[in-house]
Amino acid sequence: MKYRSAQWFGGREELAFQNRSALRAMGLNPDDYLGKPVIGLANSWSELNNCNGNLRDVADAVKRGVLLEGGLPLEFPTISLGEEFMKPSAMLYRNLMAMDVEETLRANPIDGVVLLCNCDKTTPAQLMAAASADLPAIQINGGPRAIGHWRGNSVGSGTDLWKYSDDRRAGRLSLEEWHEIEASYGCGVGACNTMGTASTMTSLSEALGMMLPGTASIPATDARRLQAATATGRRIVQLVREDLRPSRILTPKAFDNAIRTLLALGGSTNAIVHLIAMAGRRGIRLPLERFDELSKSTPFLVNLMPSGSHLMDAFDSAGGVSAVLAEIRSLLHLDEMTVSGRTLGENIARSRSFDRKVIVSAEQPLLSGGSLAVLKGNLAPNGAIIKASAASPHLLKHVGPALVFRDYEDMLNRIDAPDLPVTGDSVLVLQNAGPKGVPGFPEWGSIPVPSKLLQAGIADLVRISDSRMSGTAFGTVVLHVTPEAAMGGNLALVQDGDLIQLDVAGRSLELLVDATELERRRAAWKAPTSRHLRGYPKLYIDHVLQADEGCDFDFLRPESEAALEFIHPLVGRS
């Protein structure tokens, strides 16, 4: 049989009868689809997710492309992971969404799939599923939102929220002004218009070769977004006919290309966790050391918030992802195949930056290397991450006394207390905010600067946690400390007043406490107990891997060549 879907519609007659009848009930005659590929549209649209609010329109355009190319489009809904509403974090449900998409592909007569994403976790979740299912797949996003303005200044998603929030807490903004900014901030559907996690991950999807070139950064309300969707619909039909699958695209060299792109973008630290998880689905190991190795030789080129000053509309106008790839072409594996049917090198052959204020040249980078750094030491034996491009230079080498918050609630209750024993030299430490400890690995790592310091004119200090932070955030923030505190990592043993040494250039993070004292504390330490005794959160706690392994579930990562096989269902009676 030419297509997988033919097992449902052209196989044993009593089964094919039932399945064809189901499509007749939807107004489709067999002549409309027999001998044609069935294309699934995995749509993460939801009214609970404003970032993905335009995906119904995008889906309609994709369907048009599928039909024009001679395929049958069948749209299906998936979980939608929205950053604003989902608590404690959309990250808790990334693996569930990946399972949702993978199992829908397994169980249904689908020959190829278009993955409709936008908000942060929707992009990696879909790519994890595609990597596991290994059916022809292509991704299209909804694009970044329009730019709001307040009193003559553009408002960047996330980044300006944190900045204005600090101004509000420091007494520099009135309540009326705060509400004015709120009205300017939510200026339409689409993902964050900064180089946060959403735009980072869609950019990396394009760099990996899973999106058509030039499509990741098109604004949500730009007509080119729907044109790209139609082209994507046409291309997935061709991918099925060519039998071009993710396994030919998501290779070790492709992931090196994605890491280089992440570093050149100054992208979100969250991408490290997602790339490790995505690669793991193909049996590819991405150790943290690989990120650090490539970081030292990859220039940082993109002047976007939170590491710079511009927003996504300027990035797209300057040439987008293709322009960045062209600037670092000498560092890339240009022979890697992409969903366009051409190699990465062919895709970017004519690309260049059209605005050197936004995408600078590799010869005159914003940083010569090291927009992200991997730290190790007795406080993070398995690694921790810092976004050096968004940190304060004077704090990149620092020794200071710890001020410890045992969990997020403790931090919220005390962070703005007038008598908080904190100075600009302090190192804020947040414990029990990691994958298992919450559960869900939320974006709590960007601990607010205490109000008493903001009022004194101190805008940044070193902060350390086993948590993540928003890709739109900034500051001298050390994240993803592994092992996490809930697993008994040394982060759990830190006490107020302990000296902590951060040395980004030396890639070290050390707790300056005698080993004998640490062993004494470890003997007295008790693992926190979770109230989650059932359901998905319990499954998550029992099976989630640590940050340095991508926080996927242990049972979803293949440990052998045999485990890479996608097991198709027996097509029998329902």
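Predicted model: local features only at pLDDT ≥ 70, side-chain atom pairs only at ≥ 80, totals over all residues.
Helices here are DSSP runs of H or I with at least four residues, strands are runs of E with at least two, and both are numbered from the N terminus.

Residues are numbered from 1 along each chain as its sequence is written, and side-chain values use heavy atoms, with hydrogens and water left out.

There is another cis peptide bond to show you, from lysine 87 to proline 88, with omega near 0 degrees; proline 88 sits in the loop between strand 2 (72-77) and helix 4 (94-107).

Staying with the backbone, which residues other than glycine have a positive phi? Aspartate 134 is one of them, with phi near 55 degrees, and it is placed in the loop between helix 5 (122-133) and strand 4 (137-141). Cysteine 551 also has a positive phi, of about 55 degrees, and belongs to the segment after helix 20 (535-543). Are these two buried or exposed, taking buried as under 20% relative accessible area, exposed as over 50% and partly exposed as in between, with a 1.4 Å probe and protein chains only? Aspartate 134 has a relative accessible area of 14% and is therefore buried, and cysteine 551 counts as buried because its relative accessibility is 1%.

Now to the interior. In soluble globular proteins, nonpolar side chains tend to be buried together. A nonpolar core, as I use the term, is a set of buried Ala, Val, Leu, Ile, Met, Phe, Trp, Tyr and Cys residues joined through side-chain atoms within 4.5 Å. The largest such core has 96 residues, and the members that touch the most others are Val114, Phe255, Leu275, Phe291 and Phe315. Helix 11 (residues 252-265) gives the most to this core, namely eight residues. Apart from it lies another core, of 28 residues, including Ile386 and Val427.

Taking contact to mean heavy atoms within 4.5 Å, phenylalanine 291 touches, among others, Ile259, Leu262, Leu263 and Val374, where residues up to four places away in sequence are not counted.

How does helix 11 pack against helix 13? Their axes, which are lines fitted to C-alpha atoms over the stretch in contact, with angles running from 0 to 180 degrees between N-to-C directions, come within 10 Å and cross at roughly 55 degrees. Angles under 35 degrees count as roughly parallel, over 145 as roughly antiparallel, 65 to 115 as roughly perpendicular and the rest as oblique, and helix 11 and helix 13 are therefore oblique to each other. On the helix 11 side, the contact includes Asp256, Ile259 and Arg260, and on the helix 13 side it includes Arg290, Phe291 and Leu294.

Helix 11 also packs with helix 8 (residues 197-208), at an angle of about 140 degrees and with the axes 9 Å apart, and this pair is therefore oblique too. Among the residues that meet here are Leu204 and Leu208 in helix 8, and Phe255, Ala258 and Leu262 in helix 11.
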